[in-house]
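Trainee: I am new to this structure. Please walk me through it, one feature at a time.

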Amino acid sequence: MKHYFLFFISNVLVENFILVKFLGLCPFLGVSNKLKTAIGMSFATTFVVLMSSILLWLVNFFILLPLNVVYLRIIAYMLIISVSVQFLEIILRHTSPILYRVLGIFLPLITTNCAVLAIPLFSLYLNHTFLESVYYGISASLGFALVMIIFSGLRERIILSDIPLPFQGAPIVLITISIISIAFMGFKGLVKF
């Protein structure tokens, strides 16, 4: 049990996909203007990562490896991620039309989010079991969500702040991301396997 707790903490804080591996920056910067949209995108990404982690592990070990067609892995993964995003889009359109409109173009762009593809690929290359793969997907996407929510809260405050003219817009956003990344790097060495 302790191993899974440390595994979770490591993926959320120490090996964060946005701040340490620099993956998923496009939706991170695009949707983090408002806290509500960041929370919506975080849950949408978490759902897609969870669904795709489960399906991709099953497809890899029960279809691609037995048929010896592992060269089709990326194509199969992208197809499954696209189907998961379309499924999520249908669910959001019918259950939460407001969130569906707020997320706008960024909802279908989850398909091209490199973090969504990287999580199952890293899990595969780390030789995770099915349970570890699902746990890795959940913890990594929750780390993504944590950073996105923290940054969107800070970004709302930045908009209300008096920022010098040369730092307004993208420069202050990048400086803030850098400071948060440095703060998260302070967790390095906290979890040792």
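Mentor: Start with a pair of helices. α3 passes α7 in a right-handed crossing. Keep in mind that this is a predicted model.

Trainee: How is the packing of two helices described?

Mentor: The description uses the angle between the two axes and the distance between those axes. Here, α3 covers residues 35-64 and α7 covers residues 130-160. Their axes are 9 Å apart, and the packing angle is about 165°.

Trainee: Are α3 and α7 roughly parallel or roughly antiparallel to each other?

Mentor: An angle over 145 degrees counts as roughly antiparallel. So α3 and α7 are roughly antiparallel.

Trainee: Which classes of residue make up the contact of α3 with α7?

Mentor: There are 17 nonpolar residues, 9 polar ones and 1 charged one.

Trainee: Take me inside α3. What does Ser52 contact, leaving aside its neighbours within four places in sequence?

Mentor: Ser52 sits in helix α3. Its contacts, with those neighbours left out, are Trp57, Ile80, Ile81, Ser84 and Val116.

Trainee: Is Ser52 buried or exposed?

Mentor: Under 20% relative accessible area means buried. Ser52 has 0%, so Ser52 is buried.

Trainee: How does Ile54 count by accessibility?

Mentor: Ile54 also belongs to helix α3. Between the buried and exposed cut-offs, a residue is partly exposed. Ile54 has 25% relative accessibility, so Ile54 counts as partly exposed.

Trainee: Which residues does Ile54 contact, apart from its neighbours within four places in sequence?

Mentor: Those are Phe130 and Val134. Look also at Ser133: along the chain, Ile54 and Ser133 are 79 residues apart. Their C-alpha atoms are separated by 7.5 Å.

Trainee: Now the record. Which residues does UniProt list as "transmembrane region"?

Mentor: The unreviewed UniProt entry lists residues 6-31, 43-64, 70-91, 98-122, 134-154 and 166-187.

Trainee: What is the helix content of residues 43-64?

Mentor: That span is 100% helix and 0% strand. Its end C-alpha atoms are 29 Å apart. For residues 70-91, the model has 86% helix and 0% strand. There the end C-alpha atoms lie 31 Å apart.

Trainee: Is Asn68 buried or exposed?

Mentor: Exposed means over 50% relative accessible area. Asn68 has 58%, so Asn68 is exposed. Asn127 has 66%, so Asn127 is exposed.

Trainee: Back to helix pairs. At what angle do α7 and α8 pack?

Mentor: The angle is about 135°, and the axes are 11 Å apart. α7 and α8 are therefore oblique to each other. The crossing of α7 past α8 is right-handed.

Trainee: Which residues of α7 and α8 meet?

Mentor: From α7 come Leu146, Val147, Ile150, Phe151, Leu154, Arg155 and Ile158. They meet Ile172, Val173, Thr176, Ile177, Ile180 and Phe184 in α8. By class, this contact of α7 with α8 has 11 nonpolar, 1 polar and 1 charged residues.

Trainee: Where is Gly186?

Mentor: Gly186 is in the segment after α8, a helix that spans residues 170-185. With 61% relative accessibility, Gly186 counts as exposed. Gly186 and Tyr136 are 50 residues apart along the chain, and their C-alpha atoms are separated by 21 Å.

Trainee: One more pair. How do the axes of α4 and α6 cross?

Mentor: They cross at roughly 135° and come within 10 Å. That makes α4 oblique to α6. α4 passes α6 in a right-handed crossing. On the α4 side, the contact is made by Arg73, Ile74, Tyr77, Met78 and Ile81. On the α6 side are Val116, Leu117, Pro120, Leu121, Leu124 and Tyr125.

Trainee: And how many residues of each class are in the contact of α4 with α6?

Mentor: The contact of α4 with α6 has 10 nonpolar, no polar and 1 charged residues.

Technical notes. Residues are numbered from 1 along each chain as its sequence is written. This is a predicted model: local features need pLDDT of at least 70, side-chain atom pairs count only at pLDDT 80 or more; totals for chains, interfaces and linings use all residues. Side-chain values use heavy atoms; hydrogens and water are left out. UniProt positions are given in the numbering used here, feature names are shortened, and annotations may be inferred rather than shown by experiment. Helices (H or I, at least four residues) and strands (E, at least two) are DSSP runs, numbered from the N terminus. Axes are lines fitted to C-alpha atoms, for helices over the stretch in contact, and angles run from 0 to 180 degrees between N-to-C directions. Angles under 35 degrees count as roughly parallel, over 145 as roughly antiparallel, 65 to 115 as roughly perpendicular and the rest as oblique. A crossing is left-handed if the near helix is turned anticlockwise from the far one by less than a right angle, and right-handed if clockwise. Ala, Val, Leu, Ile, Met, Phe, Trp, Tyr, Cys and Pro count as nonpolar, Asp, Glu, Lys and Arg as charged, and the others, Gly among them, as polar. Buried means under 20% relative accessible area, exposed over 50%, partly exposed in between (1.4 Å probe, protein chains only). Contact means heavy atoms within 4.5 Å.
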